[in-house]
Amino acid sequence: MHTATKAPFKDRAKAALADRTLKLAIDRTTGTAETKRAAAVANFPEFQAARDRGRAIKDHVIANLGHYLEMFEKNATASGAQVHWAVDDAEARAIVTRICLDAGAKIVTRSKSMLGEEIGLPHALADAGIERVETDLAEHIIQLAGEPPSHIIWPAMHRTREQVADLFREGHNPPPEAEDPATMVQSARRILREKFLGADVGISGANFLVADTGATCTVTNEGNAELTTTPPRVHIVTAGVEKIVPSTAHAFALLRLLVRSATGGEMTQYTTFHCGPKRAGDADGPEEMHIVLVDNGRTRMLADEFREMLRCIRCGACMNHCVVYRQIGGHAYGGTYPGPMGSVLTPVLDGLAASRDLPNACTMNGRCAEVCPVEIPIPTLLRAWRTRSWRERLEPGSLRGGLGLWAWAARRPAIYRLGSRIGVRVLRLFGKGGWISHMPLAGGWTGHRDLPRPPGRTFMEEYRARQKGTRK
Amino acid sequence: MSARDTILAAIRAASPANDSGAIAAEAAALLRDPVRPALAAPALPKAFEVKASALGTTFDHVADMGAVPQAVRRYLDGHGLPPSLALQPAPALAALDWTGIDTHPALAPNEPAALGLALWGIAESGSLVIHSGPETPILLSFLPLHHIVVLHRDNLLAWLEDYAGKLAAQAIPRNAILITGPSGTTDIEGSYVRGAHGPGFVHVIMIDGG
Ligand code: SF4
């Protein structure tokens, strides 16, 4: 749902490509992320073995999802938490909104959760007349900007520090005294401190759901999650059903992969297990804890060829290393989840007809699968969407016609060779030096990069000529 | 059909249920020979200190609990802070001689400094462990700008799995928190800024002796 009215993907991508500031912002963060991840992996020589283990843990959970969800429900309930189940985003929204309204909530603090975005929680709370306060710094930035996240780890990655300074100058009273990141962070700390302590409900996501204890686990660097979940009377967790792990030790095995792959750190500053509401005698904590387990397409993935995608631990490495993401940023994708993993998930969530351009907007260079800490074969899954799109006849007539023509020629070698001989010679007419920078009908390519000017002859012509030469 | 039944039925249809004994055996096998990074030093105190210091945590060493108030005073003076402190309501801390330092149990929203006890330290990652309880308000570790933590060197564990074992052996608290360095953020252009919502300073007073 959510992303209201969408321009076609190609238009969004075109607009993003034309935005120089956006490119600068993306380069600054993804560049750092790539370097730091590489260093973290190099410092952990057993990383590949850890990956194999992480992948095996996720596969084990996916194969026994029902068993672990029931175990989690039993233990979470025993800890005093209330467990709710939601088949889709609408049900999840309704459950969370109802809990907030029942609690008489006026102010709700939220700690970053992509699942919350996926189910459209921000809009639902606004519709219910509840003030929503995003407490993660990046979420705070995009709340001021009125934007959705553009990255799953750094939601405000598309904003340069200069742009953040503009937003804070308008949105903070008093405005920050200087525009360096440290001063701006202090300003957000001051502004949000009052909100934390005055909130009626705190909403968080979960990085893991621990089946054998019934605890939910969040990992953060800022400390906003604990300030979100401790003072309010009610704590709500929304989590996808695939977040389950058998035990705390299994969560740690995945955590080692998650943090290194996400930020290049070894451990987030805060790794917190939440197990039920405040106990008798506890010094602080919420009176009620609710956990909303959300399906929203996940059981469908379990039954089809996208099952492996359920291994995803939402680290963001695939987008940091994606040549397409690094050119267009997260918003151009138009779904909740951007980049390579988003291009697999968005067709599940929004339907293939509305998102068939995403699996196509991939160079298949395989970087995403190389860095994925749980070895999800993202290019293979994207190809599966392409195949399905073809089979369901979602591709436009021009593409189907063009490919049909190519297939016809490809089965007739003489015609094919003639065609390619004419093709390379025509292409050469547009080139200067080794490159073609303008050509009719090819603006979509040449607008952003040059096309190599082909040599004078086709491969087959060259091949024949050389064969003749060697035979002499 | 309830949402719960719909979801569980869809899962069963996609992956048939296995015997729970077999599932438990497989889960246990996945924890055998854990794959983990080497410790930063052979001895736990050193390994812990190397990891925690790299993240900005500072250290002081004292021989016993009785020396904690002086160490606290040293820290406050060193940072130009007044001799005032929010104190975790734990008997082990209340029993100390706090002459010259104003200790209080309540936390102000902008508490400058607080002192608490860590249950364990984890050498692999330089993490401090805090469990919520009647004597442990969680906000004590999050509201102050300076978080001072007492840790006994006998309570150092090597790996995250060792802590998971300790946790599994007791009644699970409402909150179990691993604190790994001061709060920070990389949300503006990926560059690290220390001190976001939580404490900007974490200082460990390590009890080296009895
Ligand atoms: S697909 Fe892999 S790399 Fe991408 S977010 Fe998920 S786990 Fe990380």
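Please keep in mind that the model is predicted.

I will start with the ligand. A:Cys312 counts as buried, because its relative accessibility is 9%, and buried means under 20%.

With cysteines on the slide, how many disulfides does a search of the whole structure find? The search finds zero, over all chains. Take A:Cys275, which is in no disulfide: the nearest cysteine sulfur belongs to A:Cys217 and is 12 Å away. A:Cys275 is also buried, at a relative accessible area of 3%.

Now the charged residues. In general, side chains of opposite charge can pair when their charged atoms come close. Over all chains the count is 43 salt bridges. I will go through three of them.

The pair A:Glu375 and A:Arg51 has its closest N and O atoms 3.9 Å apart. A:Glu375 sits in the loop between helices H19 and H20 of chain A, while A:Arg51 is in helix H3, so this pair ties together parts that are 324 residues apart in sequence. A:Arg51 is buried, at 8% relative accessibility.

Next, A:Asp59 and A:Arg311 meet in a salt bridge at 3.0 Å, N to O. This pair also links distant parts of the chain, 252 residues apart: A:Asp59 is in helix H3 of chain A, and A:Arg311 is in the loop between helices H13 and H14. Are the two partners buried or exposed? A:Asp59 is partly exposed at 30%, whereas A:Arg311 is buried at 1%.

Both pairs belong to a network of salt bridges, which links A:Arg51, A:Arg55, A:Asp59, A:Glu308, A:Arg311 and A:Glu375.

B:Arg4 is partly exposed at 25%, and A:Glu73 is buried at 15%.

Last, the surface. A:Trp390, A:Leu399, A:Leu403, A:Trp406 and A:Tyr416 make a nonpolar patch of about 480 Å². Which helix gives the patch its largest share? Helix H21 of chain A, residues 397-410, does, with three residues. A:Trp406 is placed in helix H21 and is partly exposed, at 49% relative accessibility.

That is the end of the walk.

How values were computed: Residues numbered from 1 in each chain as written. Chains lettered and ligands numbered in written order. Predicted model: local features only at pLDDT ≥ 70, side-chain atom pairs only at ≥ 80, totals over all residues. Heavy atoms only, no water. Patch = residues over 30% accessible without salt bridge, like charges linked within 9 Å, V, L, I, M, F, W, Y side chains within 5 Å. Areas by Shrake-Rupley, 256 points an atom, 1.4 Å probe, with all protein chains shown as cover. Salt bridge = Lys/Arg side-chain N within 4 Å of Asp/Glu carboxyl O. Helix = DSSP H or I, 4+ residues; strand = E, 2+ residues; numbered from the N terminus. Buried < 20%, exposed > 50% of the residue type's maximum accessible area, 1.4 Å probe, protein only. Disulfide = S-S within 2.5 Å.
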